[in-house]
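Here is a walk through one chain. Keep the sequence and the 3D view side by side as you read.

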Amino acid sequence: MDKKTRGLYIKSGSILSSALKLAQKNVKEGTSLLSLCERIESFIVEEGGKPAFPVNVSINHIAAHFTPSFDSKDAFSATDVAKIDIGVHIDGCITDSAVTIDLSGEAGKMLEASQGALEAALSAAKPGTGIGKLGETIEKEIKKRGFKPIQNLSGHGIEEWVAHASPSIPNTFSKDGRKLEPGRVYAIEPFATNGEGMVHEGVQAEIFGFDEKRPLRSQTGRKISELVEKEYRSLPFAERWLVKKMKMSEFERKTALRELLQKKSIHAYPVLRELEGKTVTQAETTILVEDKDITVLVK
Ligand code: CO
């Protein structure tokens, strides 16, 4: 990786660290989810970055991929265990990190499990460390605290303009023989639960990603496709972002999104829920693997 690109990753990570602190300060009973997400997303822009994906606010049994709709009135409640997952990029240099905030006061041990697993994985991570070894470390740390890792959610490689690249970094033991490679960026993200340890897709989706241009009937669809290809490329975007960027009725927007999905011009990221409806915690950071060691980009 050249020096300039490395500098962009460092800056991206430092903006993300501050964004997470802003989240820590503002996630309270009564704070609206929408105002929190918008505040964090505009903070990222003020600091010279861009959101690499919509701020995810996944509460209790929701593990990932939730972001409020443009007209959401939802607010945090005193019983919430909230995972705030944030992505920042500068010219496509992406960092990805998450914290869990326990308003309920009852998930402390589970929080320690995901956090402890992340710390152990970071200690184990060196250039050449096996991907399977990281999964094994994460699984062991979570299980020894009496919880289960989520088997079908994983960390991932990051490439320029690609938030989720290969390899997947499993949260359980795996025989994957691939190794952490110098010059590459990875997100490590253990999830712990007191449930089954699996997530499934819900029907609701507020987050989408662009795949390719297709012939479309709807004019709004063509406009959306042009906008997202230019602004976000293949990075995930929120329906609520479109509401801010374009003039269109709700009917036009919904019809256009349906056609874009049908024609496979975009794909949806459905909300992911824990199979048994049990609580989930998450810890995540992004690392840059260097020649001799790793640099943790989001501290
Ligand atoms: Co991630």
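Trp161 sits in the loop between S6 and S7. Helices and strands here are DSSP runs, numbered from the N terminus (helices: H or I, at least four residues; strands: E, at least two). This is a predicted model, in which local features need pLDDT of at least 70 and side-chain atom pairs count only at pLDDT 80 or more, while totals for chains, interfaces and linings use all residues. Residues are numbered from 1 along each chain as its sequence is written, and side-chain values use heavy atoms, with hydrogens and water left out.

Stay with that loop. S6 and S7 form a hairpin with two residues between them. Strand S6 covers residues 155-159, and four bridges join it to S7 in an antiparallel run. Two strands count as paired if DSSP finds at least two bridges between them. Trp161 has a positive phi of about 70 degrees, although it is not a glycine. Most residues other than glycine have a negative phi, and most peptide bonds are trans. Pro167 lies in strand S7.

Now step back to the whole chain. How is the chain divided into domains? The assignment gives domain 1 (3-202 + 276-296) and domain 2 (209-269). These bounds come from an automatic or database domain assignment. The C-alpha centres of the two domains lie 26 Å apart.

Next comes the interface. Here 19 residues of domain 1 are in contact with 14 residues of domain 2; contact means heavy atoms within 4.5 Å. The area buried between the domains is about 1300 Å², and carbon and sulfur atoms give 62% of it. Buried area is the accessible area (1.4 Å probe) that two parts lose on being put together, summed over both. Trp161 returns here: with Pro54 and Phe70, Trp161 supplies 48% of the area that domain 1 buries against domain 2, more than any other three residues.

Two salt bridges are counted between the domains. A salt bridge puts a side-chain nitrogen of Lys or Arg within 4 Å of a carboxyl oxygen of Asp or Glu. The side chains of Lys244 and Glu38 meet in a salt bridge, at 3.0 Å from N to O.

Which elements of domain 1 supply at least two residues each to the side that touches domain 2? They are helix H2 (33-46), strand S1 (50-59) and strand S7 (162-169). S1 gives the most, with five residues.

Finish with a sheet. Three strands form an open sheet in the order S12-S11-S13, with antiparallel pairing. Strand S12 (237-238) and strand S13 (266-269) stand at the edges, each with a single partner strand, so one side of each is left without a neighbour in the sheet. Strand S11 (residues 207-210) is joined to S13 by four bridges. One of these bridge pairs is Phe208 with Ala268 in S13.
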